[in-house]
Amino acid sequence: MKFDNIIIGGGLSGLTCGIKLAEQGKKCAIVSSGQSAIHFFSGSFDLLGKLNGQEVKNPLEAIKTLPDAHPYQRVGIKNIARLAVEAPQLLDRAGLQFSGKSDQNHFVLTPMGIMKPTWLTIDDFTRFEQNDVFPWKKAVILNFSGFLDFHTLFVQDGLKKYDVDVQIKNFAMKEFEAIRRNPSEMRSTNIAKVFDQGEDVLNEFAQKVNQLSEGFEVVILPAVFGLFTKNVVTDLKSMINKPLVLIPAIPPSVPGIRSQILLRKRFEELGGTYFLGDIVEEGTFKNNRLVAVQTNNHGNIKLEADQFVLASGSFYSKGIVATRDKLYEPILGLDIDGDIDSEKWLDEKFFNDQPYMHYGVKTDSGFRALKNGKPIENLFAAGSVLGGANALKEGSGAGISLLTSLHVAEQILK
Amino acid sequence: MNKNISKEYDVIIIGGGVTGAGTARDCAMRGLSVLLVERHDFATGATGRNHGLLHSGARYAVTDHESAAECIKENMILRRIANHCVEENDGLFITLPEDDIAFQSQFVDACKTAGIGTEILDPDFARRIEPSVNPDLIGAVKVPDGSVDPFRLTMSNALDARIHGAVLLTQHEVKGIVKEQDRAIGVELFNHETKQNVNYYGKIIVNAGGIWGHHIAKLAGVNINMFPAKGSLLIFGHRVNKMVINRCRKPSNADILVPGDTICLIGTTSERIPYDQIDNMFVSRQDVDVLIREGVKLSPTLATTRILRAYAGVRPLVAADNDPSGRSISRGIVLLDHQERDGLSGFITITGGKLMTYRLMAEEATDLICKKLAVDKQCETAEKSLPGAEKSEHPLSIATEKVYTGANISQKSAKDRHGTLAKNILNGDDYEDSLVCECEGVSIAEVKYAINELHVNNLIDLRRRTRVGMGTCQGELCACRAAGLLCESFEKPGKAKDDLANFLQERWKGMLPITWGEGINEIQFTSWIYEGIYGLKPDNN
Ligand SMILES: Cc1cc2nc3c(=O)[nH]c(=O)nc-3n(C[C@H](O)[C@H](O)[C@H](O)COP(=O)(O)OP(=O)(O)OC[C@H]3O[C@@H](n4cnc5c(N)ncnc54)[C@H](O)[C@@H]3O)c2cc1C
Ligand SMILES: Cc1cc2nc3c(=O)[nH]c(=O)nc-3n(C[C@H](O)[C@H](O)[C@H](O)COP(=O)(O)OP(=O)(O)OC[C@H]3O[C@@H](n4cnc5c(N)ncnc54)[C@H](O)[C@@H]3O)c2cc1C
């Protein structure tokens, strides 16, 4: 089977790279073994939230001071500024409305009731422009009784810092009796499914919310709406007679799953081929070029392409693997940027900057992956499989994934 | 709840390990008024950091006859009085090609002398009854070893002490011993919760501080020379073996594989450490290497089994000779009457021994206390079952009796964990049945029961009581759910956030030496959830 481009990994990077290539008429395939980080995401994409322990106000400015090896530096500051505008437009064409500015972080309210800086936020959630002001003074937090994955007390505690008078109310609805009876069913995706099924439930729910929130300025709810379509969220907002603030629940994330579904749908509508549940096992190299990859489901049928993109994620997605004494890239045996000495991988404090978080595939300045010290001409790496940054500490996770993947797509299109 | 408690007692017991809890129970059952004080939580010393082997005594049969005889006697008693804490798995002592098969007959003879039943098995038969065993074995002997859950055993003793009137204070650290001339008359405590100092008075002060007993004795002005020997262990993610597997040779490193609940444990190493290191329980990569290398000889599948955690404990041995490994020292019970030994009355030390022999240790200590207080009452702990054991005569009187019905996963797991006490876990209501921890089947009701009745102050305590966060997911999401519930019982929710952060750090400590493969993938996931999405910090207030 022959494609123009094959992308290994169908997370945020693989999908956005594939969409951009397909939008430009490339015949693309994505091979993805399974769940990606986007299943769990908070609803916001970070560009740069922290630098040297300090909160960043203007990510575009702050990026200039990052070390040379950082993926952003390799993309180049000018390109970053441009691609940061392009990214939300690409998402928008997939039906995902994100808003925010790359030269000024806004804030979102985390499940711990903490204001966190970020770049783009999906429109389910509320953007706060300042981290020390909550615009309402009297708030009610509503939760489904028996739903343990939303921490009303933490949110209440967090909001106290902003002098907000917060009340918590739990309520039951007969539609949830069935899932409540099975002790492990009361999870956000199952609640979302109930609302996806019919308008009546949503109507009844909205009425209840309006009743319970009488006398309050704002309603706070867990983000358990709209697994397959955004309409549920839009409808709900129009039915509730006051501002609605949604807060992420314990993952998996309902808006995250919806984002994954819509991105994949967009890719396929553009003519892309998405092999779900297939695993790329190895590659065939010839003269510093990757000619084909073999996958688990395709057996002897090799998948060939002019260019390949490795977007297989970090340790969590098995894009990088550590065994007792070895660190490696498991699919193509690429060079790794990381410490050989396994004793150096981890820091003894959980909340410290963990060395392993910086590890990833080595590339040249054009994101061509290195194998045995030499760049493979037609193999690019993008997203969290790249090393050179601790995206967690920096608050740059999705930013690195989106911007490197769009940049790589441009390299291929050149 | 501790506001109106008395300041004076017959006995004050220092230490909430199994020895302290067992002694509190025995004293309370003999009608004494008892206060037990523990600096952290129950079972945070050696008791919560051991192998959980219900020794048959066979391990010591050749080298230490007295310990072997004590073990088999207590083994049989614990099967009776604490059957909810014991798994009667039996054990194998296997001989590998590299071992001397001649040791086997010496071993069997020594077991016989100590009263330990043995059965020599044909290697083929051994492979059949224990499929995980190293197939190269050339000899096998079956003995009545078992597994014991140290957390449950300690809590059952503590609960029974409370039922008999004892007062239990966790988070209370002894900072000094109050003396009047040559008599110990009380303890100076620091309350870690309130950060206040408080004194309590007792006719007899019992030092049951395990290895820390050395320091506690010093506070009283007497000297006990303790021998800190650190032992490391690994917990594997699933239960490989049905029976305990030992090497049939003189006790050595990493030669016991103990199954328990859904996991199994390989241990231990033994290393002498300086006394100032007893609170620094790290496990080195070298320890991990030895444990895996030797463990694989007992059961080859361990080579590919996921390791969940590594931890270490310190054996409370009282120095006797200069053996650098601390192994040929007697595991015997040490009961010191400091009046006779040092001229300090009102102060005794009970230490040494084993988890296995805690009851006997408690009995000997309580006998001495009764003699000193001229109380004439026989010990009954060998006959009366602990609360939670099937035939217990002491149903918990505190909670309203709710009938234990149905058999869903959480109820079954709760029954495994709390024995007949599970009936005190309210249920029947859908909300209370909701699962907090999916891998271990812990419900809201069980968490609430633990918070209300089992002296739970934080998430780490909760893990010890209910196994929340002990399963294969290692607490990724259940910790957060449990924190939400704990939050309801805290005055300040901010504390629950720090508590969650501490829990993650504590768990990290156990994973650090073994974090690779699935472990590193999961820790990355956990970090993204808690630090990335939730914005949790080490200090949240
Ligand atoms: C739990 C979690 C939550 C996060 N939340 C946020 C957030 O809220 N905001 C933010 O900015 N950042 C977040 N991040 C950071 C995150 O890394 C990036 O935002 C981004 O989503 C990563 O995308 P990716 O495509 O590079 O990698 P991934 O999402 O990891 O995707 C890699 C994909 O490759 C596939 N794959 C791997 N090996 C193979 C193979 N051999 N064959 C075929 N397919 C393969 C995997 O199955 C997976 O689908 C989060 C990370 C994690 C782990
Ligand atoms: C690695 C290892 C493996 C073992 N395996 C087994 C086994 O398989 N089977 C078996 O039977 N035995 C085993 N043992 C032995 C067994 O664990 C111990 O003998 C037993 O747990 C000791 O209990 P304890 O109550 O005396 O001491 P500890 O459990 O150490 O209790 C002492 C308590 O005192 C508290 N304390 C200390 N200082 C103060 C203070 N100032 N104020 C208040 N409280 C204080 C501590 O916090 C602690 O909770 C093992 C030991 C180790 C180290």
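A polar contact here is a pair of N or O atoms within 3.5 Å. Keep that cut-off in mind for the close-ups below, which all come from a predicted model.

**View 1. Ligand 1 sits between chains A and B.** Start with the backbone of chain A. A backbone N or O atom of A:Ser44 lies 2.9 Å from a nitrogen atom of ligand 1, so this pair falls within the 3.5 Å cut-off for a polar contact. A polar backbone atom of A:Val280 is also 2.9 Å from a nitrogen atom of the ligand, while the backbone of A:Ala37 places a polar atom 2.9 Å from one of the ligand's oxygen atoms. On its own, ligand 1 has 1,000 Å² of accessible area, and the protein covers 95% of it.

**View 2. Here is the shell around ligand 1.** There are 36 residues around this ligand, and the ones that come nearest are A:Ser13, A:Ser33, A:Ser42, A:Ser317 and A:Ser384. Sorted by class, the shell holds 16 nonpolar, 18 polar and two charged residues.

**View 3. A:Ala37 lies in a loop of chain A.** Look for the loop between strand 2 and strand 3. A:Ala37 counts as partly exposed because its relative accessibility is 48%. Now find A:Gly256: it is 219 residues away from A:Ala37 in sequence, yet the two C-alpha atoms are 8.7 Å apart in space.

**View 4. B:Asp10 is a buried residue in strand 1 of chain B.** The strand covers residues 8–14. B:Asp10 counts as buried because its relative accessibility is 15%, and the cut-off for buried is under 20%. Its side chain makes a polar contact of 2.8 Å with the side chain of B:Lys203. Beyond its close sequence neighbours, B:Asp10 also touches several other residues, including B:Leu32, B:Ile204 and B:Leu373.

View 5. Taken alone, ligand 2 exposes 1,000 Å², and the protein buries 98% of that. By class, its shell has 12 nonpolar, 18 polar and six charged residues.

How values were computed:
Residues are numbered from 1 along each chain as its sequence is written. Chains are lettered from A and ligands numbered from 1 in the order in which they are written. This is a predicted model: local features need pLDDT of at least 70, side-chain atom pairs count only at pLDDT 80 or more; totals for chains, interfaces and linings use all residues. Side-chain values use heavy atoms; hydrogens and water are left out. A residue is near a molecule or strand if one of its heavy atoms lies within 4 Å of it. A polar contact is a pair of N or O atoms within 3.5 Å; within protein, one must be able to donate a hydrogen and the other to accept it, and residues adjacent in sequence count only if both atoms are side-chain atoms. Accessible areas come from the Shrake-Rupley method with a 1.4 Å probe; for residues, only the protein chains shown count as cover. Ala, Val, Leu, Ile, Met, Phe, Trp, Tyr, Cys and Pro count as nonpolar, Asp, Glu, Lys and Arg as charged, and the others, Gly among them, as polar. Helices (H or I, at least four residues) and strands (E, at least two) are DSSP runs, numbered from the N terminus. Buried means under 20% relative accessible area, exposed over 50%, partly exposed in between (1.4 Å probe, protein chains only). Contact means heavy atoms within 4.5 Å. Lists of a residue's contacts leave out its neighbours within four places in sequence.
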